[in-house]
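The structure is shown first, and the notes follow.

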Amino acid sequence: MKKNDWMLLAAVIVIAAGLYVVNTWIIHKPGKEVVVTVEGKLYGTYPLNEDAVIDIQGTNRLEIRDGKADMVWADCPDKLCVHQKAIQRNGETIVCLPNQVVAEVKGDGNTDGSEADGVDAVAH
Amino acid sequence: MRHKIAFLGMFTAFALIASYIESLIPFYFGIPGVKLGLTNAVIVLVLYLMGTKEALAVSFARILLAGFLFGNLYSILYSLAGGMLSFLVMVLLKRWNRFSVVGVSMAGGVFHNVGQILVAMAVVENVSLAYYMPPLLISGVITGMLIGVAAREVLKKLPAGNRRIK
């Protein structure tokens, strides 16, 4: 490997670490609710502190238990969203690409499409 | 010329087999999109042994064929975005001549993942997927490095006269 190769490796690691730090700064708190969107449009908002099983237009099933949301079933062939681990922290998502379903944890009651604002969540 | 077409066919078959093997390996880390990128080894080899046009042809044929055989429309869309972006970056880096095969392959691995996540963001119309960027960058650079080392060794082992297929 040339010197430049090592520099490239180092640069990627630094960028990834930087992004990770930014992510955890925004995301480190447990969220309050899970927002489900289908094709970019709001499907429903569900509190994380109540256990529930949510059927999403017959193609996906989301289960909320112990403050975590988990995709337990999907009708798509690859099942990537089902394999994904349960989400509970602000900003975490489960995505089912074939059905264009996204479940995202948000920190406060702000569901108008803007990013959940961690600072506001504290102020409330 | 006929010689070249035979090689292109062989490399496409090789890339397709790599796709198939990869689909058999349950390589799952809890993060969607983390893959070994075996097929990239073939693309890197064609890029160095034959050239840009030939590597692009093999990459494109591989994505379409693998998509129809093992995937669906979405996996084609995904692979196309990742494959083409990573290909572009690899060609530019190779031309720039400041990186070895390993560096070129690492950049390919990273930008394959970047391309896929960009498409995923567009498809689901949600930018919070950027959350997956750090682990995907790291996995891309590591798998790219392994694939690059493999490609470098293959290139080294070829007899000097066969390092360029005309």
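Thr93(A) stands opposite Glu104(A), a residue of β7(A). The model is predicted. Thr93(A) belongs to strand β6 of chain A, which spans residues 93-96, and β6(A) pairs with β7(A), residues 101-106, in the antiparallel sense.

**The β6-β7 hairpin of chain A**
- The pairing of β6(A) and β7(A) extends over 4 bridges.
- Between the two strands of this hairpin lie 4 residues, and Gln100(A) adopts a positive phi near 55°.
- Strand β6(A) is covered on both faces.

**Fold and dimensions of chain B**
- Chain B contains 6 helices and 0 strands, in the sequence pattern α-α-α-α-α-α.
- Along the principal axes, the C-alpha atoms of chain B fill a box of roughly 50 × 35 × 25 Å.

**Burial and contacts in chain B**
- Of the 166 residues in chain B, 50% are buried.
- Of the contacts in chain B between residues at least 6 apart in sequence, 71% join residues at least 24 apart.

**Surface and charge of chain B**
- The accessible surface of chain B is about 8100 Å², and carbon and sulfur atoms account for 72% of this area.
- Chain B carries 14 positive and 4 negative charges, whose mean positions lie 14 Å apart.

Note on methods
Residues are numbered from 1 along each chain as its sequence is written. Chains are lettered from A and ligands numbered from 1 in the order in which they are written. This is a predicted model: local features need pLDDT of at least 70, side-chain atom pairs count only at pLDDT 80 or more; totals for chains, interfaces and linings use all residues. Side-chain values use heavy atoms; hydrogens and water are left out. Buried means under 20% relative accessible area, exposed over 50%, partly exposed in between (1.4 Å probe, protein chains only). Contact means heavy atoms within 4.5 Å. Accessible areas come from the Shrake-Rupley method with a 1.4 Å probe; for residues, only the protein chains shown count as cover. Lys and Arg count as positive and Asp and Glu as negative; His and the chain ends are not counted. The place of a charge is taken as NZ of Lys, CZ of Arg, CG of Asp or CD of Glu. Two strands pair if DSSP finds at least two bridges between them.
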